[in-house]
Amino acid sequence: MSQLPARNIAVFGATGSIGASALDVIARHPDRLRATVLAAGSKVDALLALCRTHRPLHAVIADATQFDALRTGLRDAGLDTQPHAGEQALEDLAASAHCDTVVAAIVGAAGLPSTLAAAKAGKRLLLANKESLVLAGELLMQTAHDSGAVIVPIDSEHNAIFQCLPDAHAHAGLKRIVLTASGGPFRGRHRAELGSVTPEQAIAHPKWSMGPKISVDSATLMNKGLEVIEAHHLFGAPRESIDVLVHPQSLVHSLVEFVDGSTLAQLGLPDMRTALAVGFAWPQRIASGVQGLDLLQHGRLDFEAPDLDAFPCLRLAFEALQAGGTAPAMLNAANEVAVSAFLQRRIAFLSIPALVEATLDALPATAANSLDVLREADAAARRHASAAVA
Ligand code: NAD
Ligand code: MG
């Protein structure tokens, strides 16, 4: 077997859930994998703690008001790590010779500029930041295609599909993609039972440990909606060929059906370190720290149809994909505003889909022929949704 190539890795969103899983896998392979750039939004103490452990060449704090704290903290710890602040530093480092691999794990549309910069520079891109694909999927895929950047999806479903579609031959025979969904903490509840659920209940995911935003998205099924749009861009699949199946055990991470009647699936315990290890090593395989699957112990795999009445966000995402143009960008932006307001207890759980739907009704989709148009659509949807919250 050939040796795993050495990789210099930038981890954007290092202090988050995916960031922690990425650094865990990296630390298991000190001879080949090295975290050279670590970046976080505003948690400077958490970033400093990671710098003491992983000793990167560069550390970035997106919130520029924290730059002094970062610089002083690195100096006091006796580290050579160079401090940086602001979004431009993220883009510059993503494109720099200090990394060949970028883990894009910033949450929300804020991750788009650095993700695009990494794609443009031809890096191996471990793409967890699904919002950037929802917002600007065509542009991101085209940019990666032009530069030769390899995108490995770091979403359990898309990573599963990626593993099941190894080459162009497999792709050519693809008939259908089936994304599995855990159903989230409110699976089985009727719409009438969701009016008074709290942020604490919404982020208590039964199977996955994740950041607060994606946890709420999982509870509304907007996460699955974003993933339908993500799958459309990553695998060039039309809307009609993408289905969603609720699978509460979260062991089958997704399935692909081929024209000959074959269905392939990828299975494993619900732990993102598997997807990250695939991203670092593909087409090779490396240890991730995740145990193998004991199906005898789990006993059964159940499947059911999603309830679009209780969880209208999934329907709204399918509709936005169908409408095309700026609609997915506006869906994503309105959802980010709504989820943030819900987490701050300013709106109720069922107001999340209501706010997204009202925004999409008020702002008709237009053709999305440039990044500027998409950014303006994102901003307009944020203004509309914020005004509705207020
Ligand atoms: P998280 O909230 O745990 O972490 C988010 C990270 O982004 C933090 O490090 C934070 O400092 C950073 N950040 C936030 N705003 C920023 C900004 N403006 N500029 C720079 N950095 C910023 O979130 P997470 O659960 O790790 O999710 C990260 C991304 O991965 C999301 O797009 C999510 O949808 C996707 N994802 C996560 C999981 C999972 O299991 N957690 C699974 C699939 C996909
Ligand atoms: Mg997922």
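## Close-up views of a predicted model

**View 1. Glu227 in helix H11.** Glu227 is buried, its relative accessible area being 0%, where buried means under 20% relative accessible area, exposed over 50% and partly exposed in between, for a 1.4 Å probe and protein chains only. This residue belongs to helix H11 (residues 222-235), helices being DSSP runs of H or I with at least four residues and strands runs of E with at least two, numbered from the N terminus. Leaving aside residues up to four places away in sequence, Glu227 touches Lys130, Asp155, Glu157, His158 and Leu179, a contact being heavy atoms within 4.5 Å.

This is a predicted model in which local features need pLDDT of at least 70 and side-chain atom pairs count only at pLDDT 80 or more, while totals for chains, interfaces and linings use all residues. Residues are numbered from 1 along each chain as its sequence is written, chains are lettered from A and ligands numbered from 1 in the order in which they are written, and side-chain values use heavy atoms, with hydrogens and water left out.

**View 2. The annotated binding site.** An unreviewed UniProt entry places the feature "binding site" at Asp155, Glu157 and Glu227, although such annotations may be inferred rather than shown by experiment. These residues span 73 residues in sequence, yet no two of their C-alpha atoms are more than 8.4 Å apart, so they gather at one spot. Asp155, in the loop between S7 and helix H7 (156-164), counts as buried at 6% relative accessibility.

**View 3. Strands S6 and S7.** Strand S6 (residues 124-127) pairs with S7 in the parallel sense over 3 bridges, pairing requiring that DSSP finds at least two bridges between two strands. Leu126 stands opposite Val152 in S7.
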